[in-house]
Amino acid sequence: MSTLEMYLFGPPRLVRDGQTIELGLRKALALFVYLSVTREPHSRDKLATLFWGEEGQREARANLRRALYRIHETLGKAMLATTDETIILHPQAAHWLDVEAFQQLLSHTGAVDGPTHVASSEVLAQLGKAVALYTDDFLAGFVLPDCPEFDDWQFFQREGLRLTLAKTLDRLTTGHEARQELEQAIFFARRRLTLDPIHEPAHRQLMHLYARAGQQAAALRQYDECVRVLAAELGAPPEEATTALHEAIRSRRIGPAAEASVTAPPPTIAQDLRPTPAFRHNLPTPSTPFVGRQTEVAAILQTLGDPACRLLTLVGPGGIGKSRLAIEAAHRLAQQPDHNIPFADGVFWVALNGVDDLGGIAPAIAGAIGLTFEGSAPAREQLFRHLRRRRLLLVLDNFEHLVDEASLVAELLAAAPDTKLLITSREALNIQEEWFHTVSGMAFPESVAGDMPHDDILNDHTLLNYDAVQFFTQCALRAQPGFSPLTEAPHVMRICRIAEGMPLALELAASWLKALTVEHVADELARGLDILSARHRNLPERHRSMVAAFETSWQQLSAPEQRAFAALSVFQGGFTLTAAQRVTNISLSLLSNLVNKSLMRRERDGRYTIHELLRQYGGQKLADSPDEEQQVRDRHCQFYGAFLQARQVELKGEQQVEALNAIGMEIENIRLGWHRALAPRGEYGERSHLVERYLDALFHFYDMRSQFRLGEETFRNAVRQMADDGERHGQIVHAKLLGRQGWFTFHRGESARGRTLLQQSAERLLALGAQADAVFSLNYLGAVCRHMGDYAAARPSLRQSLTLAETHGDRFGMSVSLNILGQVALLEEDLTEARRACQESLAIKRAIGDRWGALFSLLYLGDMARMQGDLWEARRLYEESLAISRNIGDRRGEAICLGNLGELTESQGDFATAADLYRQSLTLFDGIHNAPGVLSAHARLGNLARKQGDDSAAAQHDLAVRELTYGRQAVLLAPDPFVVKA
């Protein structure tokens, strides 16, 4: 068996073969952590009390069994050694633990408190590997509020490991300093200080190292930071030793020059082998740790390492984190231990936000690298001469207002062949030498396009893997000590989604947690940009609010670009070039300009997207011109109505998959258009005709993608809004909406209510003479009656629908009628009639290309084959249905197919495969909130466990069935556990 990797520095994470494994139950995970770290046998009573002490012993032992079952089921029974009384991590388990690896690395380097001046490079390398494992505190962010004893154990483990880390960082710092490896020593000293920002000796050590490395300004800034932290946290001044060190550095009594004046001892062998002293840099020292974006930093470093790349521009909107990424990448280059580094003469930061024109660029670079201009030669010429033979990286920050002066950049690169440039800008420079890296938001838990939000499928630990969540948590902890994203998960996810991972937006939002709840912040953020204003005095002016950040970009646009961007804000979730041109009349050149200015992105699939906060800002600008706004929104509504109308035929024929994918890509724009159609403005006439353009395709999309909850809500609201439409066509549309609402209501478990709505829809449509439209309502009324066991009511409704469909040439409607009639015959055990109806339905579906409808005909034909003992044919039909459902993306159809295949496999004695199929079915049903399907899957798993003699597992599934059934008998006691689709 492959090794299970367990990461406990930070949120607990289990990985096997590169795949993250989720236990699901938090206490099961905590139990496995406790057993893994202690590696001792523990009595069952002790563990039950530790994790479930607030419950009675009997209930606690039952919960312990449930947790053990989850561990065995997910990780394998070989992980734990259990007896009737004790439990221990199996001594031979294939198990790697980062905490153990950390401790083992240190154990091979001698005593933690031992001498460091003789530390070898091998020892320092071992220590470095150990601290690299310590990515965060032990179980950071993981809490069990109702387990105080576990919380105490976790606290002491965390504090012990932090103390060990602090001592190890001290060893690394002094060890590298003794070897004159000052940049490495500074790196570890800075990390040591982040552990305890009020530890004054750590401040002094870092000040001393900066001074020795020739970074006097950084040393003096570190003193200022020490003074600030001590005053804020302790209300006390620094110690006399710190003040004296500050004065010595200020007067340059400590530094490279001062040390050079001391007579050096004769070189030793160790000194001769010493690597070249670390080169200079003037990089800013961020006040907070860098979070996430490791892949992005690596990509930037890889690009800069390419000999062909001389200029890399990080392009993105204001507040997206370009400068912070550049600082991190530059620091990593400055800390490279190899003396053959590509930038042997230094890495320098050049802030350009105060530079107004071309004439200020050369002096700004000269000031950063310590060059003093002399004589009458032009500054540019002196700078180029100085750089000609130097191997430098220059980081030019905030270049966007100087892009018209980009010719200087090209000239510099030509004059200094060994110098590279890393530039941050809101707009590309558009010169031949330029390489691009587009900076977007940090990774955040997105909504699945057109489907359910990730809230429904994410667990706590998956949530904590997102960079945006980690960054928001870091910011939130400064405003609200003790903040946990796990207890506020839905609201944290909503904030990260609205902000689309934009660091500045997340930081500004988190700053409000001193005064507001997380939910309130999320609600305010959803309303607009007003809440995104600074509550920190030390932020740059351009970052004091998102509006200020965006206003800078807005002012750099021409008037046509401003109008175009404001109009494009009507789109939500992205748009195509065709949509942009039809709705806003934008030209291709204007669109290209907005992309170059980082106000929107062109994705790999050719679609254009605007960051949600930028879109809100553009919407505010559009609202300043009410007439223009109404016209643009009207065109948007009309465009997507026509788009959906064109998909109606495709959804019932051979282009189903393409149509579903196209609608899924545009679903956010479609929902906006749908809402506007229900309350139309302007020039396009009757509301009912516009609503009808959307109605059919929108229904089929929700139905075929198993989005019953969203479908029911959408059509219920539409029925309410259209209720006052008195003209005939409006009444017809209202009755059609009523039928779609009824079908989704039935799927949500309200069978009687769904039947009533479909009955009303059919009666009204027939009364209005809309016979072709009544086919839908009559068919699905028959399906509901069939599910409820009222076959006598189902048959006449279905036969009437079949007659009307034949009269109007509606082959799709005919195939639906025949399929449900076949189901009724099957339930009444008339296999001849059932097969005839389903085969006729299947023939029509295949003729018109309706693969989605065909999968249900195949399912019912498979049931018939199974009933007659033809198991090979049943499997073939089930597997064909499964392939269709997966191709189309119908998760409910897939879940039914898997469950049927499971029953077939179980009947053949292959219990292991059957259990796996049932679990897959359960996961799918659970994901779409289909309670009948979830109940059925648990029931199947419970029965199978009993057959195998696993009473503990059977009891767990029985408990799930009871919990699902409790209070929901009206939904779950239907004769068929599945809601059968036509």
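The model is predicted: local features need pLDDT of at least 70, side-chain atom pairs count only at pLDDT 80 or more, and totals for chains, interfaces and linings use all residues. Residues are numbered from 1 along each chain as its sequence is written, and side-chain values use heavy atoms, with hydrogens and water left out.

**The sheet**

Five strands form an open sheet, an arrangement of 5 strands in the order β9-β10-β11-β8-β12. Their pairing is parallel. The edge strands are β9 (347-351) and β12 (434-438), and each pairs on one side only. Neighbouring strands of this sheet are turned by 20° against each other on average, with direction ignored. Strands (E, at least two residues) and helices (H or I, at least four residues) are DSSP runs, numbered from the N terminus. Two strands pair if DSSP finds at least two bridges between them. Axes are lines fitted to C-alpha atoms, for helices over the stretch in contact, and angles run from 0 to 180 degrees between N-to-C directions.

Strand β9 is joined to β10 (residues 393-397) by 5 bridges. These two strands run parallel. Val350 stands opposite Leu396 in β10.

Helix α14 (residues 322-334) lies across β8 (311-315), β9, β10 and β11 (420-425). The helix runs at about 160° to β11. Contact here means heavy atoms within 4.5 Å.

**A residue in β8**

Thr313 lies in strand β8. Its relative accessible area is 0%, so Thr313 is buried. Buried means under 20% relative accessible area, exposed over 50%, and partly exposed in between (1.4 Å probe, protein chains only). Residues up to four places away in sequence are not counted, and Thr313 touches Ile423, Ser425, Leu429, Glu434, Trp435, Phe436 and His437.

**Two exposed residues**

Glu654 lies in the loop between α28 (626-651) and α29 (656-665). Glu654 counts as exposed because its relative accessibility is 68%. Leaving out residues up to four places away in sequence, Glu654 touches Ile848 and Gly849.

Ala767 belongs to helix α34 (residues 751-767). Ala767 has a relative accessible area of 70%, so this residue is exposed.

Each of these residues has a C-alpha distance to a partner elsewhere in the chain, listed here.

| Pair | Separation in sequence | C-alpha to C-alpha |
|---|---|---|
| Glu654 and Arg846 | 192 residues | 8.9 Å |
| Ala767 and Ile732 | 35 residues | 9.8 Å |
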